[in-house]
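User: I am new to this structure and would like a short tour. Could we start with the surface and work inwards?

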Amino acid sequence: MMKDVRTGETAVVGGVESLTDWINTERYAIDDPTSAAWQAEVDLTRAEIENHGFRVLRDFIRPELHERLRAEGEQVAPLAYYEAQEVNVYNRGVDPSLPEDHPARVTMSRGNAFVTRDQIPESTIIQQLYADPRFKDFIAAACGMPAVYELADPLAGLTLNVIQPGKSHPWHFDVCQVALTIMTQKPDSGGEFQYCPDIRSPKNERLSDVKAVLTGKADHLIHAVELRLGDLQLFRGRHALHRVSTVHGSRARHTAVFAYGEQPGVVSSPERARQIYGRVTPTHVATEKAAQRADGLLD
C-alpha cells in the first residue's frame, strides 16, 4: 500500500500501472519502439554514451511522482546493510602475488549501504520499471545491445544505494557493462557523482591510470555529474571508474541502481555479495565456479 501523490488516496499500485504512468514520455518518447521519436531518443542516448561515457535524462520520472519516488525509497532505506569496511577498487580480496604497486592494494573506506532487490516491494516505481519490457528494450537499443537481461542474482540487479551524511561510496567498477541510476533523494550537499570514462577495456586494464586516480594524481581524468531527484543516468560502469563523494548536511543520498546483463544468468561472486550485501544465497554458492567474467577483467 502506498499513498498516490496524484490522487491523494491510498491504493495498491502494483499491477495497475505501466511505463507511461511513471516516465515523462512527453519529453522522452520511449514507449513506442515503432516511432521516429523513439529512434531519435535511442540515437541521441547512444551518441552521448559513445562520446562522453554517459547520458543524463532530466526529470525522467514524471515530476508529479517525485514525492512518491522519494517516499518509497525512504520507506526501505532502513533495511540497507551497512558495515564499515576497507575495500579496494575491484571489491575483492587482495591476491598476495600482486605487485606492490598494483591498484588492488589501495584500500578505501566504504561508507554506503544497499537495500537488496528482494527487500524492495513489487509495488514501487523502481521495481516495476526495472522489469518493464519496453524499458529494457529501450535500454538495450540505446546501449547498442541486442537485448538486456535482469540479473539472476536475487540480491542485485535492482538495489537502493544509501549514503548517510559524512559517508561516501569509494572508487569502484561495476559487474555489468552498463549501469543506470535514478536519484530518489538528493542530499543537502555533496554526494557528487564522479567518474573516469573508459579508463579500462577488456584489452587493457590500464593499471597505472587506475592507480593514479586512486592516489589523487590524475584529477584530469575525473569528470563530475550533478544528479537531481527523478533523473535517469546511464553510463558504462564496467569500464568507467566511478564514485560518489562525501555526503553533507542532514539528508541521506538515495539512488536506485539498475543493473542488466548482456546475457541471462549473471550472478555476483559469493565474495562480492558477502562484502556488499552482507549475505550469500544458495544461488551465489551454486555459481561460484563460474564467477570469472567473460570479458576477463578484474571484478
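This is a predicted model: local features need pLDDT of at least 70, side-chain atom pairs count only at pLDDT 80 or more; totals for chains, interfaces and linings use all residues.

User: What about charges: how many positive and negative side chains does the chain have?

Analyst: There are 33 positive and 41 negative side chains, and the centres of the two sets lie 4 Å apart.

User: How does the radius of gyration compare with that of a compact globule?

Analyst: The two agree, because a compact globule of 299 residues would have a radius of gyration near 19 Å and the chain has 19 Å. Along the principal axes, the C-alpha atoms fill a box of roughly 60 × 40 × 40 Å.

User: And what share of the residues is buried?

Analyst: Of the 299 residues, 54% count as buried. As for contacts between residues with a separation of 6 or more, 83% join residues 24 or more positions apart.

User: Which helices and strands are there, in numbers?

Analyst: The chain has eight helices and 17 strands.

User: Now the inside. Which residues have the most contacts within the largest nonpolar core?

Analyst: They are Ile30, Phe60, Leu129, Phe135, Leu180 and Phe258, in a core of 54 residues. Helix H5, residues 133-142, gives the most to this core, with six residues. There is also a second, separate core of 15 residues, which includes Tyr90, Phe173, Val210 and Leu241.

User: Let us stay with Phe60. What is Phe60 in contact with, beyond its sequence neighbours?

Analyst: Leaving aside residues within four places in sequence, the contacts of Phe60 include Trp22, Tyr28, Ile30, Leu129, Phe135 and Leu232. Asn24, Gly230 and Asp231 are also among them.

User: Which residues other than glycine have a positive phi?

Analyst: Most residues other than glycine have a negative phi. Asp59 has a positive value near 50°, and Asp198 has one of about 50°. Asp59 is found in the loop between strand E3 (54-57) and helix H3 (66-76), while Asp198 lies in the loop between E12 and H6.

User: Is Asp198 buried, partly exposed or exposed?

Analyst: Asp198 is partly exposed, because its relative accessible area is 32% and that class runs between 20% and 50%.

User: And Gln194, buried or exposed?

Analyst: Gln194, which lies in strand E12, is buried because its relative accessible area of 11% is under the 20% limit. Beyond residues up to four places away in sequence, Gln194 touches Trp171, Ile222, His223, Leu241 and Arg243, among others.

Note on methods: Residues are numbered from 1 along each chain as its sequence is written. Side-chain values use heavy atoms; hydrogens and water are left out. A nonpolar core is a set of buried Ala, Val, Leu, Ile, Met, Phe, Trp, Tyr and Cys residues joined through side-chain atoms within 4.5 Å. Buried means under 20% relative accessible area, exposed over 50%, partly exposed in between (1.4 Å probe, protein chains only). Helices (H or I, at least four residues) and strands (E, at least two) are DSSP runs, numbered from the N terminus. Contact means heavy atoms within 4.5 Å. The radius of gyration is taken over C-alpha atoms; the globule rule is 2.2 Å times the number of residues to the power 0.38. Lys and Arg count as positive and Asp and Glu as negative; His and the chain ends are not counted. The place of a charge is taken as NZ of Lys, CZ of Arg, CG of Asp or CD of Glu.
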